[in-house]
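User: Could you walk me through this model? I'd like the ground rules before the details.

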Amino acid sequence: MSTDFSLPQRQSVVGIWVLFFYSLQRYARAFWPIILIYAFRFNQVNKIYLFLVLFALLAVIGILSYLKYLNFTFALDSENKEFIINEGIINKTKTAIQLSKIQQVNINQSFIQRLIGVYELNVDTAGSNKKEGAIKAISHELALELKSRLLENDFKVIGNDTETMSFEETDNKFVDVAEPFLKISFLSLLKVGITSNYGRSIALLLLFSSTIYENFLKFGDEDNIYKEQFGNYIDKNLVLQSILVFLFWLIFIVLIVNIFRTVFKYFNYTINRQKGSLLLSFGLISTKSTILKPEKVQIVINTRNFFQKKMGILELKIKQATNGEKEQKGSAIDIPGCSEAEGEAILSLLFKKIPTRGLMLTPNWRKLIFSVFLTIGLPLFAFIAIGTYLDSSIFEYVFIVPVYIVYIGLIQYFKYINNRLFINDDFIIRQSGAWDIKKEIIEPSKIQAVSTSQLFWHKKLNIGSITLHTAGGDIAFQLGDYIVLKQYINKWLYEIETSDSNWM
């Protein structure tokens, strides 16, 4: 039976415990130094007094949690097409969110919520850098029904008028989740863990190793014997052998960390087609469920490296309208480990067709020269200058220079040959990357603004740079054919002026 959301609804009664534990956790984080002091002095304090204070604090937190539950209501205003949230104990707050402005609705379940058996529903729009509405404790069935009503996607366009089903008409057909058309297997997650996120995992390992090394150097004099034994061990072993052993363990640990992080975050990843939208659910301990409306999508990023290509998998990242660069990173939706056919199915649902490349623009060779100058020329100049005028001992590491030149040179070369801009009437695709080849796909109607730049010595060469600004981030292409770019810029600006797409 469908719920009448026109009447104010409360959270689940057991949600009082969720509010209680969240409040307790918040106060514990705020007063952790005091708690730590009393923990070390537990034997010195008056036990009766301490337990009375703790009981009083728990009672106050419990009363506040109950009042929060009692004063929190949510409802749908069918007349004004708004989602209304009322909350507050002393200072009452009423939040009204227009349904047409809702960007995303997430259903999450933390460890505490999983123990109690409730879910959290978050409502997000593009006009703020935080969640506008959050319901901490509702049942899964109610959450799915409310989410469907908030993101109702059955539009009928007639001429210039848009007709939508009323809330009453959708009471008995809110959404039945269909069989998933994409379910990422555990094997696919293992493949993703093995073939991605090397840089991030290595950075975490280096940070962890440096911390251990600093603590090792801070050993007291009584521990010098361990330092000497460690030094003797290094001296007795060949340098090359030590490096090989280090690299082996580094690769092994990086793979284990990547696999653990990927499985932990994306376990049981399923995608369902729901009334023209995508319902994504994933997570091992803290589960997350998100409905994605195709018309709200700004940028889709297709990423793949050599190993992933051989294994037949790719990664998709979907960006929606956000309020800043910090929020862009946090709100992007990742779809790891899907096959080529599954990736095309997702793109077809998001864009109504599979994006094609069209006209290809390549950067001028000066782009490669300038990149090599910045990444190789300047560092080598700094190395020589420091060794000559400041510290000559730095030349002891000159054997690293050829390795650095070859490694960075190859990276810049592959970045250059993979740097492409593909343009057709329906899509713009920006390709980049050295190892992980990234393709950023946007529709011209989603462009908010276009920036161009051309240095005066580039005018005779007919090369320039362009930046496409969207609500999901910027896409830049440097040192391309400027005449061709200007022709398409005029076309895109015309589409921006005449487009009536409802992506906000």
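Analyst: A term first: buried means under 20% relative accessible area, exposed means over 50%, and partly exposed is in between (1.4 Å probe, protein chains only). By that rule Asn419 is buried, with a relative accessible area of 6%.

User: And what kind of model is it, with which conventions?

Analyst: This is a predicted model, in which local features need pLDDT of at least 70 and side-chain atom pairs count only at pLDDT 80 or more, whereas totals for chains, interfaces and linings use all residues. Residues are numbered from 1 along each chain as its sequence is written, and side-chain values use heavy atoms, with hydrogens and water left out.

User: Back to Asn419, where is it found?

Analyst: Asn419 is found in the loop between α14 (400-417) and β17 (420-423), where helices (H or I, at least four residues) and strands (E, at least two) are DSSP runs numbered from the N terminus.

User: What does its side chain make a polar contact with?

Analyst: The partner is the side chain of Arg430, at 2.9 Å. A polar contact here is a pair of N or O atoms within 3.5 Å; within protein, one must be able to donate a hydrogen and the other to accept it, and residues adjacent in sequence count only if both atoms are side-chain atoms. Leaving aside neighbours within four places in sequence, Asn419 is in contact (heavy atoms within 4.5 Å) with residues including Leu361, Pro363, Gln431 and Phe477.

User: OK, zooming out, how many helices and strands does the chain have?

Analyst: The secondary structure comes to 15 helices and 22 strands. Of the 504 residues in the chain, 38% are buried, and among contacts with a separation of 6 or more, 60% are between residues 24 or more positions apart.

User: Which residues have the most contacts inside the largest nonpolar core?

Analyst: Tyr269 and Ile335 do, in a core of 28 residues; such a core is a set of buried Ala, Val, Leu, Ile, Met, Phe, Trp, Tyr and Cys residues joined through side-chain atoms within 4.5 Å. The elements that give two or more residues to this core are α9 (239-266), β11 (277-282), β13 (297-304), β14 (314-320), β15 (333-338) and α12 (340-351), and α12 gives the most, with 5 residues. Setting aside its neighbours within four places in sequence, Tyr269 touches Leu182, Leu280, Phe282 and Ile335, among others.

User: What's in the second core?

Analyst: That separate core has 24 residues and includes Val105, Ile107, Leu279 and Ile291.

User: Which residues make the nonpolar surface patch?

Analyst: Phe111, Leu115, Phe186, Phe260, Phe264, Phe267, Leu284 and Ile285 make a patch of about 800 Å², with accessible areas taken from the Shrake-Rupley method with a 1.4 Å probe, and for residues only the protein chains shown counting as cover. Patches are made of residues with over 30% relative accessible area and no salt bridge, like charges being joined within 9 Å and nonpolar side chains (Val, Leu, Ile, Met, Phe, Trp, Tyr) within 5 Å. Both α4 (111-116) and α9 supply at least two residues of the patch. Ile285 lies in the loop between β11 and β12 (287-292), and counts as partly exposed because its relative accessibility is 36%.

User: Switching to salt bridges, how many does the structure hold?

Analyst: The structure holds 6, a salt bridge being a side-chain nitrogen of Lys or Arg within 4 Å of a carboxyl oxygen of Asp or Glu. In one of them, Arg304 pairs with Glu340, the closest N and O atoms being 3.2 Å apart. Arg304 lies in strand β13 and Glu340 in helix α12, so the pair ties together parts that are 36 residues apart in sequence.

User: Which residue does Asp425 form a salt bridge with?

Analyst: Asp425 pairs with Lys491, the closest N and O atoms being 2.6 Å apart. This pair links distant parts of the chain, with Asp425 in the loop between β17 and β18 (428-432) and Lys491 in helix α15 (residues 482-498), 66 residues apart. Asp425 counts as exposed at 55% relative accessibility, whereas Lys491 is partly exposed, with a relative accessible area of 31%.
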